[in-house]
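Me: I would like to learn how to read a few features of a model. Please take them one at a time.

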Amino acid sequence: MRYLAAALLVLAALILPSQTRAHEASLGVLELREVRPGAFIGHWTMEPTMGADHVDLRMPPHCFVRLPELNCGEKGLVGPVTITNLGADMSAVLIRIIPLAGEARSYTISSANPVVSVLAAGAPTLQTWIELARTYVNYGIDHILLGADHLLFVLGLIWIVRGGWRLTKTITAFTVGHSVSLAAAAFGLIGVPERPLNACIALSIVFVGIEIIKQQRGEAGLTARYPWAIAFTFGLVHGIGFAGALAALGLERRLLPAALLFFNLGVEIGQLAFVLLVLALIWAHRRLDAVLPRWGDTLPAYTIGSVSMFWFFGRLLSVFAAT
Amino acid sequence: MNMRFRRGVVAAAVLLAQANAAEAHIAASRLGDFYAGALHPLTDLQDIILWGAMGVLAGSLGAATGRWLVLVFPLGLLAGLVLGQSFGVASMWATVDAAMMLVLGLLLAAATRIPTGLLCALAFALALIRGAANASDLGPETDRLLFAAGLACAGYAAITLAMALALAFRGLDSSPSTSWQKIALRALGGWIAAIGLMMVGFGLAS
């Protein structure tokens, strides 16, 4: 178990810089406003970090596009839309279409969902829901797998909490916590500035590191005594962090509940996969009797603490830099 | 008929391997260089078979002998990645991979008792070769550190799980040597050796 955590933590430390960047999301939001039937004016309300000029946007074949101009003639903007150069520099682009009549519609193009089909205006069809599910489940999985801080916190919980049922309750409490705050933040019921929040998330991992040390010294820390309460509380904090990624996509309100549900589902799938992998490795280490020597007992806890403090100071600096 | 069947199996295996490769590349490009390193071995059938064979062989030898590979194998992969980056990958290594498969399969089939030191040396050599092979797909924009971390992490997880599963499958050391689990492991060794032999043949023929 300790052996495993040590290895994972060292790797988590190694992946730190890029993951932090990934979390700040290389997203773009393109707004297409219909000015006359079939003719649109497009502009980037959020420009991707790679620059709008470098985005290789492909519209349906009957459309002529040279931003800011987009003309689709009588057929209108209906058909496949894709971006061919999605990657590390630009993970997702939200296209918001504002028609002359009717509600605005949003489509998200990501590496997981590189082609979207723009549908005619009207009530959402089954195809719309399928597309929404595919996009946001994948986006949720990506978000949790790239969120080294969230995974490190979950790893800390697994470390501290012993016993299958107790661990299940703890992970469930974390899930409930982040689902509640994710929903509240996505619907605008609560709002926390992103940078201080990220610093708090780093601090929550420091807390877990300290709790591990306490446990190793034979003291019963808060997490050991009330694991579900701690997991739920910090789940609330992490959930607001998840909402930041969703909010950046600027979904229309009509589709938000479904998008939220699918995004959360994706986050859960990613988290469950991680937990199962860690549990499988713990089982394997026990089976092989492969554990850290005595002198290395505290190494994983200090690694967790050091990595998260490094994150905390980095994020705190960004708070001060922004003010 | 038998030959046709074998060709069918080989073709199906190649197709399956290509499907994995495609998916792994999609996931990797979407999730960055750490996951690119972790998923890259899935794009090569030789990695899958050789890593699995090494894990099963080590697991079949017992926990005390096999557990060293938890450290040795990922370290070998890292060393191989560095070597592969520095000196490139020799084309003859495809034959070496196949020969390695043959050797591992035969050792497993014969249920040979291998001393810990020799097993570690074998695992390190294998990891060195496969680490170098995985270096071949590093692009100029790939973050080396993240890719290496992902590869080592995948190597650690794969070898640890394979050893533990083999150990659990084999059962207790006190069980009779003719138990069906041990026979199944030896049969698996025979299949691995056969695949290795075929690949050596293909390698030499081409």
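**Reading backbone, packing and confidence**

Reply: This is a predicted model.

Me: What is the peptide bond from A:Leu67 to A:Pro68, cis or trans?

Reply: The bond is cis, and its omega is near 15°.

Me: Which residue other than glycine has a positive phi near 55°?

Reply: That is A:Asp289. A:Asp289 sits in the loop between α8 (256-288) and α9 (299-322) of chain A.

Me: Where in chain B is B:Ala111 found?

Reply: B:Ala111 lies in the loop between α6 (93-109) and α7 (116-135) of chain B. B:Ala111 is not a glycine, yet its phi is positive, about 50°. Because 15 other C-beta atoms lie within 10 Å, B:Ala111 is partly exposed.

Me: How many helices and strands does chain B have?

Reply: Chain B has nine helices and zero strands. In chain A the secondary structure comes to nine helices and nine strands.

Me: How should I read a pair of packed helices?

Reply: Two packed helices are described by the angle between their axes and the distance between the axes. In chain B, helix α3 (residues 45-60) and helix α8 (residues 144-170) pack at about 45°, with axes 7 Å apart. The two helices α3(B) and α8(B) are therefore oblique to each other. Their crossing is right-handed. Residues making the contact include B:Trp51, B:Met54 and B:Val56 of α3(B), and B:Ile159, B:Met163 and B:Arg170 of α8(B). By kind, the contact residues of α3(B) and α8(B) divide into 12 nonpolar, four polar and one charged.

Me: What share of each chain is buried?

Reply: In chain A, 43% of the 323 residues are buried. In chain B, 45% of the 206 residues count as buried.

Me: What share of contacts joins residues at least 24 apart?

Reply: Among contacts between residues at least 6 apart in sequence, 75% in chain A join residues at least 24 apart. For chain B, counted among contacts between residues at least 6 apart, the share is 84%.

Me: What is the mean pLDDT of chain A?

Reply: The mean is 79, and 84% of the residues of chain A reach 70 or more. Over residues 1-25 of chain A the pLDDT is below 50, and beyond near neighbours in sequence this stretch has 58 contacts in the model.

Key
Residues numbered from 1 in each chain as written. Chains lettered and ligands numbered in written order. Predicted model: local features only at pLDDT ≥ 70, side-chain atom pairs only at ≥ 80, totals over all residues. Helix = DSSP H or I, 4+ residues; strand = E, 2+ residues; numbered from the N terminus. Buried ≥ 20, exposed ≤ 12 C-beta atoms within 10 Å, placed from the backbone. Contact = placed C-beta atoms within 7 Å. Axes fitted to C-alpha atoms, helices over the stretch in contact; angles between N-to-C directions. Parallel < 35°, antiparallel > 145°, perpendicular 65-115°, else oblique. Left-handed = near helix turned anticlockwise from the far one by under 90°. Nonpolar A, V, L, I, M, F, W, Y, C, P; charged D, E, K, R; others polar. pLDDT = per-residue confidence, 0-100.
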